[in-house]
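Please open the structure in your viewer and keep the selection tool at hand.

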Amino acid sequence: LCTMLAGSQGDELAGAMGAQRFGDVLRIVDARLAAQPRDVRLLTIRGIALGRLNRLPESLAAFERALAIDPNSVPALKGATEVAYRARSPKAAALVNRVLALEPHDETARAMAGVLAVEGGRCDVAIRHFERSGAALDANASALSQYGGCLLRADRAREAADVFERAVRVSGDGGASEYNLAVAALQARDPARAVQ
């Protein structure tokens, strides 16, 4: 996304983005924004650069400025969603819902929505989102554990065991995930799996 957006803005900017020199990206974008303050692509690139520099409040503000100009800019909306989610902003849920309204099959947005639903104590909603999150959960042991926990609460122990098994593969530190897998396997009446 970064390179695609920057590629249309010129060689210097594309080079800085490609080399992940986000301080340089910010300098170049700010200079161009002085002449083109309503350029949604530049504002989006600014948001990306600030996010990569871990300046999350400023990053979110850049994305929001882009969205104020073009509310249907998918790159700006996805960038704002990611940053709000990372920053644990109260705006995250509304942004995720906007992404899902535009792209209902977005697996990353589904995974984020699932985590936010768990945090809001709504496991039934979380399960529906996690079920549609596909490969977006494959590298996220924490989200897989939340998904498995919700499945256990819903008396779906066999499915929970399968999800916890995925969490064990991903986590690296299998302690908690292995314990959860054993509990789910016992509840699913699969003692051999639990012992293993």
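**First selection: helix α3 and its cover**

The cover over the buried residues of α3 includes α2 (11-18) and α4 (40-52). Here, buried means under 20% relative accessible area, exposed means over 50%, and partly exposed lies in between (1.4 Å probe, protein chains only). Helices (H or I, at least four residues) and strands (E, at least two) are DSSP runs, numbered from the N terminus. The model is predicted: local features need pLDDT of at least 70, side-chain atom pairs count only at pLDDT 80 or more, and totals for chains, interfaces and linings use all residues. Residues are numbered from 1 along each chain as its sequence is written, and side-chain values use heavy atoms, with hydrogens and water left out.

Within α3, please select Phe 22, Val 25, Leu 26, Ile 28, Val 29 and Leu 33, which are the buried residues of this helix. Then mark the end C-alpha atoms of helix α3 (residues 22-35), which are 20 Å apart.

Select Val 25 next. Leaving aside neighbours within four places in sequence, Val 25 is in contact with Leu 13, Ala 16, Met 17, Ile 45 and Ala 49; contact means heavy atoms within 4.5 Å.

Val 25 also belongs to the largest nonpolar core, which has 59 residues. Such a core is a set of buried Ala, Val, Leu, Ile, Met, Phe, Trp, Tyr and Cys residues joined through side-chain atoms within 4.5 Å. The residues with the most contacts inside this core are Leu 13, Val 25 and Phe 130. Its largest share, eight residues, comes from helix α8 (residues 107-119).

Move to helix α6 (residues 74-86), where Thr 81 is found. Is Thr 81 buried or exposed? Thr 81 is buried, with a relative accessible area of 3%. Not counting residues up to four places away in sequence, Thr 81 touches Leu 95, Val 96, Val 99 and Met 112.

**Last selection: the whole chain**

Finally, display the entire chain. Its secondary structure comes to 13 helices and zero strands. Along its principal axes, the C-alpha trace spans about 65 × 30 × 25 Å. Of the 196 residues in the chain, 46% are buried.

Conventions:
Expected span 1.5 Å × (residues − 1).
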